[in-house]
Amino acid sequence: MALTTSNLTRHVDGVPHLDNVSCTLKRGGFHVVVGQTLSGKTSLLRALAGLDAPDAGSIALDGRDQHRVPVWKRNVSMVYQQFINYPHLSVYDNIAFPLRRRGMTAVEVDRKVRQAAHMVALAPLLERMPTALSGGQQQRMALARSLAKDDDLLLLDEPLVNLDYKLREQLRDEFLNLFAQRDHAIMVYATTEPNEALLFDANVLVMHQGRLLQSGPAQQVYANPANVDVARIFSDPPMNLMSGTLDAGEILINHAVRLPRPGHFNRLQNGNYTFGIHPCDLSLTSRGIGMRVDLAEINGSETYLHVSRDNADLVLHLAGVHGYNPGDHVETAINGSRLFAFAADGTLAAAPAP
Amino acid sequence: MIILYRTLKYAAILLWSAFVLAPFMWALTTSFKTSNGVTSGPTYLPWLQYEPSIEGWRSLFRSDGSGIDIVGPYASSLVVTLCSSAISLVLGTLAAYGLSRFTYRAGFIRNADITFFFISQRIMPPVVLAIPFFLMLQFFGLLDSELGLIVVYIALLMPIAVWVMVDFFNNIPRELDETAMLDGCSPLETFWRVILPNSKPGLVVAGLFCIIFGWSDFFFAFTLTFTNTQLLPVAVVALNSSVTPWWSLSAAALISVAPLIVVAFVLERFLSRGNLAGAIK
């Protein structure tokens with residue numbers, strides 16, 4: 001039993017927002033749609049909710065076509081990146097609103113409201129108005145409304161993007177617990193951050209320019225990106241990509257750097273490839289490739305070191321805080337056994353062992 | 001420097017207040033004067049400069065030649081203004097919600113064109129509309145009646161309601177409608193249960209405009225009525241005969257402006273837009 005989309009297509013002013021998207025989202029699964037801004041994530045979620053009608057293609061829930069089912073008769077919840085709540089209703093009435101629309105008894109409504117409020121730690125604030133809540137609490141209220149509804153399809157459109165860092169981390173951890181026991185529901189979470197998909201260990205759908213590039217378990221997509229675009233999108237910082245040539249015994253990158261041919265490239269024919277390597281598989285060494293520091297981006301307890309040489313730019317993902325200045329000289333080591341090779345058409349030719 | 005700034009600021013406020021309130025002060029003092037008090041030059045202090053009299057106010061409730069009975073026109077004005085404003089607000093708000101949320105296409109005509117068509121009715125000079133309105137009311141036998149004026153005023157006031165409410169609804173995030181629909185509301189329920197309760201400031205502004213324009217209209221009240229129906233502005237102007245009774249005229253002017261002041265004071269507290277702050281952050 002699942003939600004299935006077939007060749008879902010939608011154009012707005014001639015621009016493809018969805019381009020032949022076909023996928024199957026199983027019940028009980030946590031599905032993460034990953035893509036950059038304007039990749040079609042929100043368009044897909046809105047189409048699944050029934051808020052936007054596709055130009056072509058179909059959506060079926062458990063085999064039943066959803067085309068003619070109006071939004072208010074579908075069992076769908078959606079949490080937006082903006083904190084959307086009913087400003088004229090208290091927290092209690094906000095959570096109770098969809099339950100009352102379904103004609104539930106007051107006792108049942110009260111039980112479900114308090115249960116949902118307890119799950120998102122809003123129980124002491126039920127009488128407050130939305131304006132008296134912080135941003136995080138408002139988003140929790142929107143979440144509580146979705147949890148109380150207990151719908152077949154729960155759509156989360158970058159729900160954490162407008163929260164501060166600490167709250168984002170906290171809510172992200174809570175998501176897994178909140179939705180863990182929902183075997184009957186299909187949960188779709190849109191994000192620009194591949195790390196969230198990896199953290200949730202979810203089924204991933206990678207989107208780019210309205211197209212679904214690849215879907216599958218997060219670890220599998222990370223280890224075997226179908227093409228260059230997926231490799232770049234599903235890695236944060238994006239995968240380093242370098243053009244080069246594969247010879248009998250070595251790899252020549254950017255006509256300058258020579259590396260021994262790794263074992264997992266044995267089956268590849270000699271020729272031109274695009275080689276890729278995750279930023280975490282690059283390291284600093286005492287005798288490596290001399291490069292110039294362009295930027296040291298400190299992100300919490302990690303450092304993204306941007307380096308360059310002869311028009312080739314690389315990003316290193318280093319553990320710990322490193323205080324480099326632009327212009328500093330560093331020696332970089334490329335771990336050949338971690339290299340990906342992409343053919344001329346961009347498809348994956350060889351990947352390192354996970 | 002700060003003291004100088006404050007002094008100038010308060011001086012400017014006082015000057016402007018005096019400019020705005022002076023006509024009211026003039027009308028108030030005049031309404032308590034008699035013929036002698038009016039013709040003896042500018043006087044403002046009762047008992048000291050002139051002997052106050054309530055003759056001006058009394059004459060508003062006399063139907064003989066020395067005054068007018070203002071109760072009838074007052075009641076007619078209230079009925080016509082309140083009915084036309086209420087109907088305009090209901091129809092205008094529904095039309096505005098449709099224009100704000102749904103897409104209409106008829107040939108080259110789009111939502112923005114339809115909104116402009118509503119507003120364009122206010123751009124035309126009233127005299128252009130007077131003859132068609134006159135002929136239409138004559139055809140339906142509604143000339144010189146309150147119902148006829150209500151129909152005409154709806155046509156004149158609804159564009160104001162549409163204009164104000166379209167702008168207001170455009171500022172309410174569409175995601176609020178979508179959330180309501182996802183929570184089980186049909187489009188009409190969404191409007192009734194979610195959008196309308198959050199539109200009080202817009203409704204107040206639109207309602208105020210409708211009441212003000214409806215209450216103070218003279219032109220159509222004058223051209224579309226004769227003897228059976230008389231609205232307040234026409235009755236007040238009717239006082240202005242060969243020998244103008246300024247004391248009666250002043251009292252009538254004050255009594256006709258009073259409801260607008262009361263309505264403005266009562267509705268002013270709803271004008272804050274703050275209650276939408278919790279919708280989207």
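Axes are here taken as lines fitted to C-alpha atoms, for helices over the stretch in contact, and the angles between them run from 0 to 180 degrees between N-to-C directions. The structure is a predicted model, in which local features need pLDDT of at least 70 and side-chain atom pairs count only at pLDDT 80 or more, whereas totals for chains, interfaces and linings use all residues. Residues are numbered from 1 along each chain as its sequence is written, and chains are lettered from A and ligands numbered from 1 in the order in which they are written. Helices (H or I, at least four residues) and strands (E, at least two) are DSSP runs, numbered from the N terminus.

In chain B, helix α7 (residues 146–170) and helix α10 (residues 200–216) have axes that come within 9 Å and cross at roughly 155°. Angles under 35 degrees count as roughly parallel, over 145 as roughly antiparallel, 65 to 115 as roughly perpendicular and the rest as oblique; α7(B) and α10(B) are therefore roughly antiparallel to each other. Their crossing is right-handed, a crossing being left-handed if the near helix is turned anticlockwise from the far one by less than a right angle, and right-handed if clockwise. Two residues are in contact if their C-beta atoms, placed from the backbone, lie within 7 Å. The residues of α7(B) that meet α10(B) include B:Tyr153, B:Leu157 and B:Phe168, and those on the side of α10(B) include B:Gly202, B:Phe209 and B:Gly214. By class, this contact of α7(B) with α10(B) has 12 nonpolar, two polar and no charged residues, where Ala, Val, Leu, Ile, Met, Phe, Trp, Tyr, Cys and Pro count as nonpolar, Asp, Glu, Lys and Arg as charged, and the others, Gly among them, as polar.

Helix α7(B) also packs against helix α4 (residues 71–101) of chain B, at an angle of about 40° and with the axes 6 Å apart. That angle makes α4(B) oblique to α7(B), and the crossing of α4(B) with α7(B) is right-handed. The contact of α4(B) with α7(B) comprises 21 nonpolar, eight polar and one charged residues.

Between the chains, the contact takes 21 residues from chain B and 24 residues from chain A. On the side of chain B that touches chain A, the largest share, six residues, comes from helix α8 (residues 174–182) of chain B. The residues on this side of chain B divide into 11 nonpolar, six polar and four charged.

Chain A has a secondary structure of eight helices and 20 strands, and its C-alpha atoms fill a box of roughly 75 × 45 × 40 Å, taken along the principal axes. Of the 354 residues in chain A, 41% are buried; a residue is buried if 20 or more other C-beta atoms lie within 10 Å of its own, exposed if 12 or fewer, and partly exposed in between, with C-beta atoms placed from the backbone. Among the contacts in chain A with a separation of 6 or more, 64% join residues 24 or more positions apart.

Two strands pair if DSSP finds at least two bridges between them. Strand β1 (residues 2–12) of chain A runs antiparallel to strand β2 (residues 15–26) of chain A, the two being joined by eight bridges, with A:Arg10 opposite A:Leu18 in β2(A). The hairpin of β1(A) and β2(A) has two residues between the strands, and A:Asp13 takes a positive phi near 50° there. Strand β1(A) is also joined, by five bridges and again in the antiparallel sense, to strand β4 (residues 56–61) of chain A, where A:Ala60 is the bridge partner of A:Thr4.

An open sheet of six strands in chain A has the order β13-β12-β11-β14-β19-β20, with antiparallel pairing. Its edge strands, β13 (257–260) and β20 (348–350) of chain A, each pair on one side only, and neighbouring strands of this sheet are turned by 40° against each other on average, direction ignored. Within the sheet, β11 (residues 240–246) and β14 (residues 271–277) of chain A pair over seven bridges, and A:Thr245 stands opposite A:Asn272 in β14(A). A:Ala344 lies in the loop between β19 (340–342) and β20 of chain A, and counts as exposed because 10 C-beta neighbours are found inside 10 Å.
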